Amino acid sequence: MLCGVEKPSEGEIIFLGRRLREHSVGHLKHIGFIFQNPRGLPNETVFDNLTLPLIIDGISKADREKRVFHWLDLLGLRPRARSKYRELSGGEVQKTEFARALIRKPRLILADEPTAHLDAVQADLLLDILWDHYQDGATVFISTHHPPPFEHPLILRYHVANYGIKRLGSKPDLLPSSELNTTTSGQESETQEVT
Amino acid sequence: MVRFILKEASLLIAFIVLGGLLLLCFWVTHNVHENVLKEYKNSQISVVLKTGADEGFRELVEKNHNVIRYDYFSSAKNKERLGETYPELKNIIAPLEERFFPSSALVTVHDASKFLQLLDKSPELFQTQVLHQPPTKLSRFLNVMVVIFSMLWLLTLTLVLYFNLERITVREEPRWSLMKMLGAKPFMLFWPLWHGQALRITIASVCAMILAAAVSHQLRAFLVWDWTTLPLSVWIGFFFISLLVTSAISFTLFSVRYRRISIG
């Protein structure tokens with residue numbers, strides 16, 4: 001529904017103060033998607049895959065290179081910049097997907113198992129980056145089977161199963177849902193597991 | 001893929017042939033209008049005069065505001081014209097006296113029925129009259145043909161673009177899907193696609209124009225009138241309309257297709 005592919009059966013979706021229409025794609029620039037399975041272009045290089053969002057945004061070539069190399073350095077992918085996407089290992093693909101989703105500083109991040117193919121150190125690095133984005137004002141949804149073992153007042157945790165949703169170990173008075181950047185009115189959508 | 005290419009190639013040939021036929025139809029319509037219909041822009045009436053009624057008839061038509069112009073042919077002139085029309089009879093016609101050839105007039109009028117009513121009131125002036133009406137049925141037929149060929153041409157163009165897009169979609173769907181997920185507007189992806197389609201239609205349009213020009217050149221040798229070529233504006237118009245329609249149809253087809261592309 002947030003992608004504008006489906007209409008909610010009731011109510012409406014307001015994202016960044018604007019009502020979402022069916023088939024609208026303009027707002028997707030403000031959403032960073034991280035999928036469990038790679039969505040990159042296999043025959044293009046890591047660098048080209050990472051520049052795609054910036055090309056769509058009309059960023060200048062020099063600025064594009066600067067931002068792409070910043071992310072490649074951050075994630076330790078610089079030596080693979082000119083490698084074809086299909087030549088990457090599972091972890092490298094995951095990090096490239098991560099970088100592509102976050103390179104334009106989206107206001108909403110939807111991550112489905114973002115650390116699935118990574119070791120603990122790399123997973124921590126990615127979660128730290130997500131945390132930084134959250135602190136910069138982004139709303140972050142992470143769907144995972146391996147939630148972080150710690151509690152934090154700013155993390156809302158939900159367990160989604162059997163078409164039901166249940167809030168876990170949270171402190172509701174610390175962060176009212178109205179403070180989320182995205183608000184959904186009407187029926188709840190069915191999702192898996194959200195932290 | 002081979003099936004797709006064969007389908008596209010055959011449609012492109014159909015597009016060229018239909019484009020050529022459309023232009024030929026324009027050409028015939030244009031020449032019929034120029035050579036036949038222009039002549040009949042106003043109704044014309046041939047009037048065969050009675051002996052000695054020449055002056056009375058002249059007076060009648062010169063005073064009448066319904067008459068645009070008239071051409072008078074004396075007995076001698078009609079005898080001469082008949083000899084020119086039928087040269088094989090010239091020797092037989094030459095010794096005949098002029099009284100066997102009545103004088104006549106070809107009158108061009110605004111309103112034929114009004115003039116015929118006027119003639120009916122003066123039966124002493126003429127022997128008979130013939131009303132020449134413009135060939136409206138032929139004109140209507142040609143216009144219908146132009147519409148039919150235009151529709152067929154448009155349909156073929158749509159099919160050419162549709163199958164071309166379908167083939168490209170098979171190849172480009174992952175990229176479009178990713179670009180859509182990243183918020184790319186349809187126009188961004190359409191623009192590079194348009195270049196290929198516009199080039200293809202430009203070449204096909206030029207081929208259709210060459211085909212039409214060649215066929216019309218051959219046909220001119222068989223036709224009785226002095227058939228002129230189509231004005232330059234029609235050729236240029238055909239070319240640019242082809243491009244414009246291609247852009248509009250391509251973008252519409254692409255937008256519809258892009259909507260159906262799943263995100264990511």
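Modeller: Before we look at any pair of helices, an axis here is a line fitted to C-alpha atoms, for helices over the stretch in contact, and angles between N-to-C directions run from 0 to 180 degrees.

Colleague: Okay, and what sort of model is this?

Modeller: It is a predicted model, in which local features need pLDDT of at least 70 and side-chain atom pairs count only at pLDDT 80 or more, while totals for chains, interfaces and linings use all residues. Residues are numbered from 1 along each chain as its sequence is written, and chains are lettered from A and ligands numbered from 1 in the order in which they are written.

Colleague: How many helices and strands does chain A have?

Modeller: Chain A has four helices and eight strands, where helices (H or I, at least four residues) and strands (E, at least two) are DSSP runs numbered from the N terminus. Following the sequence of chain A gives the order β-β-β-α-α-α-β-α-β-β-β-β.

Colleague: So how do the axes of H1(A) and H3(A) cross?

Modeller: The axes of helix H1 (residues 46-56) of chain A and H3(A) come within 8 Å and cross at roughly 25 degrees. That makes H1(A) roughly parallel to H3(A), since angles under 35 degrees count as roughly parallel, over 145 as roughly antiparallel, 65 to 115 as roughly perpendicular and the rest as oblique.

Colleague: Which residues make the contact between H1(A) and H3(A)?

Modeller: On the H1(A) side they are Val46(A), Asn49(A), Leu50(A), Leu52(A) and Pro53(A), and on the H3(A) side Thr96(A), Ala99(A) and Arg100(A). Two residues are in contact if their C-beta atoms, placed from the backbone, lie within 7 Å.

Colleague: Changing topic, what is the phi of Lys105(A)?

Modeller: Lys105(A) has a positive phi of about 50 degrees although it is not a glycine, and the residue is found in the loop between helix H3 (90-102) and strand S4 (108-112) of chain A. Most residues other than glycine have a negative phi.

Colleague: And what about the phi of Glu113(A)?

Modeller: Glu113(A), also not a glycine, has a positive phi of about 45 degrees, and its place is the loop between S4 and helix H4 (120-135) of chain A. After H4(A) comes Gly137(A), whose phi is positive, near 115 degrees.

Colleague: How does Lys105(A) count, with its C-beta neighbours?

Modeller: Lys105(A) counts as partly exposed because it has 13 C-beta neighbours inside 10 Å, and Glu113(A) is partly exposed with 18 other C-beta atoms within 10 Å. A residue is buried if 20 or more other C-beta atoms, placed from the backbone, lie within 10 Å of its own, exposed if 12 or fewer, and partly exposed in between. Of the 195 residues of chain A, 25% count as buried.

Colleague: How much of chain B is buried?

Modeller: In chain B, 23% of the 264 residues count as buried. The secondary structure of chain B comes to eight helices and four strands, and along the sequence they follow the pattern α-β-α-β-α-α-β-α-β-α-α-α. Among contacts in chain B between residues at least 6 apart in sequence, 89% join residues at least 24 apart.

Colleague: At what angle do the axes of H1(B) and H7(B) cross?

Modeller: The axes of H1(B) and H7(B) come within 8 Å and cross at roughly 45 degrees, and the two helices are therefore oblique to each other. The residues in this contact include Leu12(B), Phe15(B) and Trp27(B) of H1(B), together with Ala204(B), Cys207(B) and Val215(B) of H7(B).

Colleague: And the axes of H6(B) and H7(B), how do they cross?

Modeller: Those axes come within 12 Å and cross at roughly 150 degrees, which makes H6(B) roughly antiparallel to H7(B). Leu161(B), Asn164(B), Ile168(B), Trp176(B) and Met179(B) of H6(B) meet Leu189(B), Leu193(B) and Gln197(B) of H7(B) in this contact.

Colleague: Last one, where does Ser255(B) lie?

Modeller: Ser255(B) lies in helix H8 of chain B, and it is partly exposed, with 14 other C-beta atoms within 10 Å. The C-alpha atoms of Ser255(B) and Lys185(B) are separated by 9.5 Å, although these residues are 70 residues apart along the chain.
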